Amino acid sequence: GQMNAEQQAINAAVTARVRSFEAAERARDAEGLVAHYASVPEFYFYHDGRRATREVMSAGIRKALPAVRSLDVTYADVEVSALGSEDAMASATFTRELVMEGTGATVRQQGAVSWLWRKVGGQWLVVHGHISHPLEAVK
């Protein structure tokens, strides 16, 4: 069916947030990345079937990113579906190549991610999600 103007605007806004998330990850900006996660009690994210709170996710990101010397990540096949005026589902595939600090070892990851974005205080933030490869898996 045809998307209405509101749905198109939401899809564009959420797609821009996915790109902002990607840019923060590429920049190894832990705080910038964590800022995409909503500080709401209902937040959770599945990492390979393990359910994580915002605190666990944030701690994992803050620990993992400094251990990475360079990070090249691309989110592709980005699809956004507006679920209402303040909720949208987004999914993407990703490829991620990390060069580890210290060892110089290269780690390649690929998989898929889905996010439920919600407009909280005028900003689109992630409230739920699932990713097939957790950051914490990178040792």
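**Close-up views of a predicted model**

View 1. At 19% relative accessibility, valine 40 is classed as buried (under 20% relative accessible area; over 50% is exposed and in between is partly exposed, with a 1.4 Å probe and protein chains only). The loop between α2 and β1 (44–47) holds valine 40; helices (H or I, at least four residues) and strands (E, at least two) are DSSP runs, numbered from the N terminus. Valine 40 and leucine 125 are separated by 85 residues in sequence, and their C-alpha atoms are 10.0 Å apart. The model is predicted: local features need pLDDT of at least 70, side-chain atom pairs count only at pLDDT 80 or more, and totals for chains, interfaces and linings use all residues. Residues are numbered from 1 along each chain as its sequence is written, and side-chain values use heavy atoms, with hydrogens and water left out.

**View 2. The largest nonpolar core.** Such a core is a set of buried Ala, Val, Leu, Ile, Met, Phe, Trp, Tyr and Cys residues joined through side-chain atoms within 4.5 Å. The largest one has 37 residues, of which Val14, Tyr37, Phe45, Tyr75, Val113, Trp115 and Trp117 touch the most other members. Two or more residues each come from α1 (5–26), α2 (30–34), α3 (54–64), β3 (68–82), β4 (87–100), β5 (106–120) and β6 (123–131). The largest share, six residues, is from β4. Beyond neighbours within four places in sequence, the contacts of tryptophan 117 (heavy atoms within 4.5 Å) include Val14, Arg17, His36, Trp124 and Leu125.

**View 3. Aromatic pairs.** The whole structure contains ten aromatic pairs, counted for rings of Phe, Tyr and Trp (its six-membered ring) with centres within 6.5 Å; planes under 30 degrees apart are stacked, over 60 edge-to-face and the rest tilted. Tyrosine 37 and phenylalanine 45 pair edge-to-face, at 6.0 Å centre to centre and 65 degrees between the planes. Phenylalanine 43 and phenylalanine 45 are stacked, because their ring centres are 6.5 Å apart and their planes lie at 25 degrees. Phenylalanine 43 is buried at 5% relative accessible area, and phenylalanine 45 is buried at 2%. One aromatic cluster is formed by Phe21, Tyr37, Phe43, Phe45, Tyr75, Phe94, Trp115 and Trp117.

**View 4. The β3–β4 hairpin.** Four residues link β3 to β4 in a hairpin. The two strands pair antiparallel over twelve bridges (pairing requires at least two DSSP bridges). Valine 73 has arginine 96 of β4 as its bridge partner.
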